[in-house]
Amino acid sequence: MGNYFIGLISGTSVDGIDAVLVDLDTRSLSVIATHAEEYPPELAARLRRAMLDPASCGVDELGELHVWVGRCFRDAALKLLENSGLAANTIRAIGSHGQTLRHCPDHKYRFSLQIGDGATIATGTGIDTVADFRSSDIALGGEGAPLVPLFHDWLLRDADENRVVLNIGGIANITVLPASGAELSGFDTGPGNTLLDAWIRAGRELPYDDKGAWAASGEPDTGLIEEWLQDEWFARPPPKSTGVEYFNLDWLASRDTRARRPADVQASLAELTAQSVAHAIERWAPGTTSMYVCGGGVRNKDLLRRIAGHLPTLRVRTTADAGIDPDWVEAAAFAWLASRRLARQNGSVPSVTGAQRPAVLGAVYAR
């Protein structure tokens with residue numbers, strides 16, 4: 001019998017749920033089945049409203065969203081099981097990241113809020129569920145993010161190559177994996193897809209820029225990009241993390257884009273992501289020779305071209321070359337973190353999050 005775990009996650013793009021079933025070995029994993037589940041349009045709209053206008057999300061709304069998201073995660077897990085042909089009683093646990101509504105590690109009362117009721121998932125699937133992965137790290141003074149670097153280290157570190165793993169979701173983050181075996185590091189570099197998605201949604205009523213075609217049709221505005229990169233957030237040293245609470249249309253509105261062609265703004269936003277990633281690697285990962293890219297951003301061919309263009313000495317490839325489809329890396333990471341939770345092994349790294357010490361992550365909901 002395999003060592004089966006399920007990972008579930010929905011990113012800040014709020015386009016739906018990634019579900020993956022993996023068989024974990026001591027030093028490797030095998031992907032057994034995958035499933036992508038879109039949110040109902042009404043739920044997606046209410047989630048975006050709550051994320052971008054938290055004052056609109058009262059207690060009743062928060063409670064409803066928490067349960068509704070939990071039901072969607074439950075249904076995604078059940079469909080995944082159906083695809084796999086495996087029974088629920090063969091699965092050790094589900095690791096559910098949930099849906100981030102707010103990420104505020106710099107507030108007076110630090111918090112990061114992921115919704116998606118773990119009890120609904122556990123009782124609805126008959127599988128023990130680990131959720132709420134970020135709270136323990138934040139309670140220890142950490143950022144609570146990113147949480148995937150330890151998984152990247154386990155899966156992708158190589159003694160013969162200085163590597164960086166770039167995850168492009170709504171926010172972009174990197175994991176630095178020196179060949180020397182030096183201490184793991186990783187942090188958010190700034191916007192990934194979030195501003196690109198927000199701009200095309202506002203201007204063309206499309207959910208995302210397919211393959212980056214709209215950005216590719218525009219001309220980047222050098223002055224605009226330089227102004228954006230002057231934001232103090234980019235100069236902050238790691239550990240650091242961010243989210244749509246910071247990088248959103250209000251952030252753009254405070255930096256005048258009215259005189260520019262919309263396609264040129266999109267091209268400039270693609271350059272902002274590419275240059276902020278490149279600057280982070282040049283500053284904090286010198287000597288890197290190879291980069292593996294994962295996350296939804298790998299489908300944006302224009303963005304990958306721009307990133308590679310700013311890092312000409314690096315060999316840039318997706319995690320598919322390392323044996324795992326880039327679409328499923330993050331979900332697989334939370335399956336792996338669930339296995340760490342059951343074993344009471346640490347899931348966070350102070351050098352990444354800035355916490356006082358490593359922590360066992362996640363709350364367990366019995367089936």
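Colleague: Let me start with a proline: where does P239 lie?

Modeller: P239 sits in the loop between α9 (232-235) and α10 (249-253). Helices (H or I, at least four residues) and strands (E, at least two) are DSSP runs, numbered from the N terminus. This is a predicted model, in which local features need pLDDT of at least 70, side-chain atom pairs count only at pLDDT 80 or more, and totals for chains, interfaces and linings use all residues. Residues are numbered from 1 along each chain as its sequence is written, and side-chain values use heavy atoms, leaving out hydrogens and water.

Colleague: Which kind of peptide bond joins P238 and P239, cis or trans?

Modeller: The bond between P238 and P239 is cis, with omega about 5°. Look also at the bond from A145 to P146, which is cis with omega near -15°. P146 belongs to the loop between α4 (135-139) and α5.

Colleague: Now the backbone phi angles. What is phi of V14, and where is V14 found?

Modeller: V14 has phi near 55°, a positive value in a residue other than glycine. You will find V14 in the loop between β1 (4-10) and β2 (17-24). R344 is not a glycine either, yet its phi is positive at about 55°. Its place is the loop between α13 (329-342) and α14 (350-353).

Colleague: Is V14 buried or exposed, and how about R344, buried or exposed?

Modeller: Buried means under 20% relative accessible area, exposed over 50%, and partly exposed in between (1.4 Å probe, protein chains only). V14, at 1% relative accessibility, is buried. R344 is exposed, with a relative accessible area of 59%.

Colleague: On to the sheet. In what order do the five strands of the open sheet come?

Modeller: Two strands pair if DSSP finds at least two bridges between them. Here the order is β9-β8-β7-β10-β11, and the pairing is mixed. At the edges are β9 and β11 (315-318), each pairing on one side only.

Colleague: Why is β9 largely enclosed by the rest of the structure?

Modeller: Strand β9 (residues 185-191) is largely enclosed because six of its seven residues are buried. So β9 is an edge strand, pairing on one side only, and is still largely enclosed by the rest of the structure.
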